[in-house]
Amino acid sequence: MTEPTRFQVRVRAPIDEVWHALTDPGALRVWLSEYAEVGLPSRYEFWGRYTPEGDRPRQRLLLAENNVLRFAWTVDGTETVVEIALAEDEDGTSLSFSQTGLPDYAAMLADPDSSLGMMHTFWALSVANLVDHVEGRPLTARCDLTSPLMSEEVRIDAPRGEVYSSIADPAVFTRWFGARIEAETHVGGRWAMGSLEKDPDPAKIVDLVPDSKMSLAYQDGVVATWELEDSGGGTKLTFVQSGFSDAKPPYGMWMGWLSGLAELRRFHEVHSWRPLWVDIQLEGTPEGLITLDGK
């Protein structure tokens, strides 16, 4: 185990509205979980198909006051502690998150789809959805951890060519995703998060149709595909993962990619866009590389 995993995000909404979304059970059922029950100052529980080990509540409230929410969450037999703290800033609200008791980055890579290993991407997706919820935007998606189907459609209010460039151009991809991407942008070319030189097992581009489609194949057989269509002046993006065993879908990777799609939508749709993620620290991450997709 390591020091806490931490991140900070910008929220364009008043602090009282963000606190309400964090502590109101009806709001939690919109952006976080299938089921939620809250009775401050003693009860804070969420569970269901969108929650790791969500067959029953596994949380224990520790603190909920002065815009600080802290609760213990037992995951895979390990007690972790989640803390979410809010502070006012000039644009609305700053949200700081930490969770203790998680594996370090190397251990997460070794088993990213264990309940503990997927905590990083679970919270990346959940907080992205929280921000969209309080800012009055449609949620991108939630990950159904009971389903083997990994296909999601999102509409982006931008021309198809611009959205395609955001996916196929490594420099633009890097800008909205928040981690450096290097790629040889042709069929058969290598694609790496970080550095092609230092990645021993990069993905390969197996399909590339200008303005319409890109597919990446990973060494473990998983294929990630973006397909684009015109849609009412904007773009319908269909994102699919395939090539995995139905007995063990790669939910950790899926949640990471969905959190990325949420930022891709913001990149094209939010006026004066700035990255949602102000600072992220995944303990043990090599050379400070920030990744949200489990790869």
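How do the residues lining the largest cavity divide into nonpolar, polar and charged? I went through the predicted model to find out.

**Ground rules.** I number residues from 1 along each chain as its sequence is written, and side-chain values use heavy atoms, with hydrogens and water left out. Because this is a predicted model, local features need pLDDT of at least 70 and side-chain atom pairs count only at pLDDT 80 or more, while totals for chains, interfaces and linings use all residues.

**Cavities.** I searched the whole structure and got 3 cavities of 30 Å³ or more. A cavity here is a set of points, on a 1 Å grid over the protein atoms alone, where a 1.4 Å probe fits but cannot get out. The largest cavity comes to about 90 Å³, volume being the space filled by probe spheres set on the points. Its lining (residues with an atom within 4 Å of a point) includes Arg-10, Arg-12, Asp-89, Asp-91, Arg-266 and Arg-274. Back to my opening question: the lining divides into 3 nonpolar, 1 polar and 6 charged residues.

**α4 against α7.** Next I looked at two helices (DSSP runs of H or I, at least four residues, numbered from the N terminus). The axes of α4 (residues 119-134) and α7 (residues 251-269) come within 8 Å and cross at roughly 30 degrees; axes are lines fitted to C-alpha atoms over the stretch in contact, and angles run from 0 to 180 degrees between N-to-C directions. α4 and α7 are therefore roughly parallel, the label for angles under 35 degrees. Among the residues in contact (heavy atoms within 4.5 Å) I noted Phe-122 and Leu-125 of α4, and Met-255 and Leu-258 of α7. The contact of α4 with α7 has 8 nonpolar, 4 polar and 3 charged residues.

**α6 against α7.** I found α6 (residues 170-177) packed on α7 at about 100 degrees, with the axes 9 Å apart. That makes α6 and α7 roughly perpendicular, a label covering 65 to 115 degrees. Phe-173 and Trp-176 of α6 and Trp-257 and Phe-267 of α7 are among the residues in contact. The tally for α6 with α7 is 7 nonpolar, 1 polar and 2 charged.

**Backbone.** Leu-40 and Pro-41 are joined by a cis peptide bond, omega about 15 degrees. Asn-67 has a positive phi, near 65 degrees. Most peptide bonds are trans, and most residues other than glycine have a negative phi.

Technical notes: 1 Å grid on protein atoms, 1.4 Å probe; cavity = no way out; pocket = protein on both sides within 12 Å on 5 of 7 lines; lining within 4 Å. Nonpolar A, V, L, I, M, F, W, Y, C, P; charged D, E, K, R; others polar. Parallel < 35°, antiparallel > 145°, perpendicular 65-115°, else oblique.
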